[in-house]
Amino acid sequence: MAEQQEQAAPDAMMTRIGQVVMLHHGGDREEARGRFLDLWGEIGEDGDPLHRCTLAHYLADTQDDPADELAWDLRALSAAEELTDGDVAERHRSLAARAFYPSLHLNLAADYVKLGRSEAARSHLRRARGAVGALGNDRYGDGVRAAIGRLELRLGGQGPSNGGPGEGPGIVEGPGPFGGSGGETLGPPRQRP
């Protein structure tokens with residue numbers, strides 16, 4: 001019983017990150033960027049990989065320069081590579097580290113598209129597509145698969161092997177590896193162009 005309560009105990013840093021995500025989603029991008037950077041200063045380059053991954057993932061969206069967005073997304077991927085399923089499950093029983101990869105690689109692919117680097121974009125898109133098996137058959141998983149399909153169509157010649165095409169990557173709704181249900185940690189995953 002005590003072990004279950006310990007696992008269910010909120011992660012204060014994830015809660016703080018989630019609060020800034022809500023600020024950002026509310027439209028205050030510059031304030032969110034400043035607060036995210038303050039949190040990054042607290043966590044540091046060698047801090048908890050789950051915190052670094054999550055924070056960098058969301059900090060990327062607050063950047064004005066596509067090269068800066070790419071740098072934060074690369075930091076998120078690097079931190080994710082330090083995680084194990086056990087690390088993530090300790091704090092979030094329903095999550096697996098491998099479930100982060102489809103979204104992380106999709107974001108990198110979108111970054112490379114913005115920078116006009118289509119081969120790098122295709123490489124990360126293939127990695128995103130290859131990692132979708134870790135996603136659930138839920139709104140979040142369906143949204144990530146659909147966003148991958150849309151970006152594949154946008155890049156041309158790489159039609160989706162599963163998941164439906166749509167209008168453009170857009171918002172992926174619902175709980176996923178970077179957020180819980182009901183906004184309890186980080187809310188909906190990132191918005192893509």
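1. **What covers helix 5.** In this predicted model, the cover over the buried residues of helix 5 includes helix 3 (29-43), helix 4 (49-59), helix 7 (101-114) and helix 8 (118-131). The residues under that cover are Glu 69, Leu 70, Trp 72, Asp 73, Ala 76, Leu 77, Ala 79 and Ala 80.

2. **Length and start of helix 5.** Helix 5 runs over residues 66-80, which is 15 residues. At 1.5 Å a residue it should span 21 Å, and its end C-alpha atoms are 21 Å apart, so the two values agree. Look next at the start of the helix. There, a side-chain oxygen of Asp 65 comes to within 2.7 Å of the backbone nitrogen of Ala 67.

3. **Asp 73.** This residue belongs to helix 5. Is Asp 73 buried or exposed? Asp 73 has a relative accessible area of 1%, so it counts as buried; the cut-off for buried is under 20%. Asp 61 is 12 residues away along the chain, and its C-alpha atom lies 9.0 Å from that of Asp 73.

4. Ala 60 sits in the loop between helix 4 and helix 5. Its relative accessible area is 0%, so Ala 60 is buried despite its place in a loop. In sequence, Ala 60 and Asp 111 are 51 residues apart. In space, their C-alpha atoms are 9.6 Å apart. Asp 111 is itself one of the buried residues of helix 7.

5. **Helix 7 is mostly covered.** Of its 14 residues, 12 are buried. They are Tyr 101, Pro 102, Ser 103, Leu 104, His 105, Leu 106, Asn 107, Leu 108, Ala 109, Ala 110, Asp 111 and Tyr 112. What lies over them includes helix 4, helix 5, helix 8 and helix 9.

6. **Length and end of helix 7.** The 14 residues should span 20 Å at 1.5 Å a residue. The end C-alpha atoms are 20 Å apart, which agrees. After the helix comes Gly 116, with a positive phi near 75°.

7. **Helix 7 against helix 8.** How do these two helices pack? Their axes are 8 Å apart, at an angle of about 165°. Angles over 145 degrees count as roughly antiparallel, and helix 7 and helix 8 are therefore roughly antiparallel to each other. Their crossing is left-handed. Helix 7 brings Tyr 101, Pro 102, His 105, Leu 106, Leu 108, Ala 109, Tyr 112 and Val 113 to the meeting. Helix 8 brings Ala 120, Ala 121, His 124, Leu 125, Arg 127, Ala 128 and Ala 131.

8. **Helix 8 against helix 9.** Helix 9 covers residues 139-155. The axes of helix 8 and helix 9 come within 10 Å and cross at roughly 150°. This pair is therefore roughly antiparallel too, and its crossing is left-handed. On the helix 8 side, the contact uses Ser 118, Ala 121, Arg 122, Leu 125, Ala 128 and Arg 129. On the helix 9 side are Arg 145, Ile 148, Gly 149, Leu 151, Glu 152 and Leu 155. Ala 121, Leu 125 and Ala 128 of helix 8 meet helix 7 and also touch helix 9. As background, an α-helix has 3.6 residues a turn, so residues three or four places apart point the same way.

9. Glu 119 lies in helix 8. At 55% relative accessibility, Glu 119 counts as exposed, the cut-off being over 50%. Its C-alpha atom is 9.2 Å from that of Ala 109, 10 residues away along the chain.

10. **Ile 17 in helix 2.** Helix 2 spans residues 12-25 and holds Ile 17. At 0% relative accessibility, Ile 17 counts as buried. Leu 55 is 38 residues away in sequence, yet the two C-alpha atoms are separated by 6.6 Å.

11. **The whole chain.** The protein has 9 helices and 0 strands. Its pattern along the sequence is α-α-α-α-α-α-α-α-α. Of its 193 residues, 50% count as buried. Among contacts between residues at least 6 apart in sequence, 58% join residues at least 24 apart.

Key. Residues are numbered from 1 along each chain as its sequence is written. This is a predicted model: local features need pLDDT of at least 70, side-chain atom pairs count only at pLDDT 80 or more; totals for chains, interfaces and linings use all residues. Side-chain values use heavy atoms; hydrogens and water are left out. Helices (H or I, at least four residues) and strands (E, at least two) are DSSP runs, numbered from the N terminus. The expected span of a helix is 1.5 Å times one less than its number of residues. Buried means under 20% relative accessible area, exposed over 50%, partly exposed in between (1.4 Å probe, protein chains only). Contact means heavy atoms within 4.5 Å. A polar contact is a pair of N or O atoms within 3.5 Å; within protein, one must be able to donate a hydrogen and the other to accept it, and residues adjacent in sequence count only if both atoms are side-chain atoms. Axes are lines fitted to C-alpha atoms, for helices over the stretch in contact, and angles run from 0 to 180 degrees between N-to-C directions. Angles under 35 degrees count as roughly parallel, over 145 as roughly antiparallel, 65 to 115 as roughly perpendicular and the rest as oblique. A crossing is left-handed if the near helix is turned anticlockwise from the far one by less than a right angle, and right-handed if clockwise.
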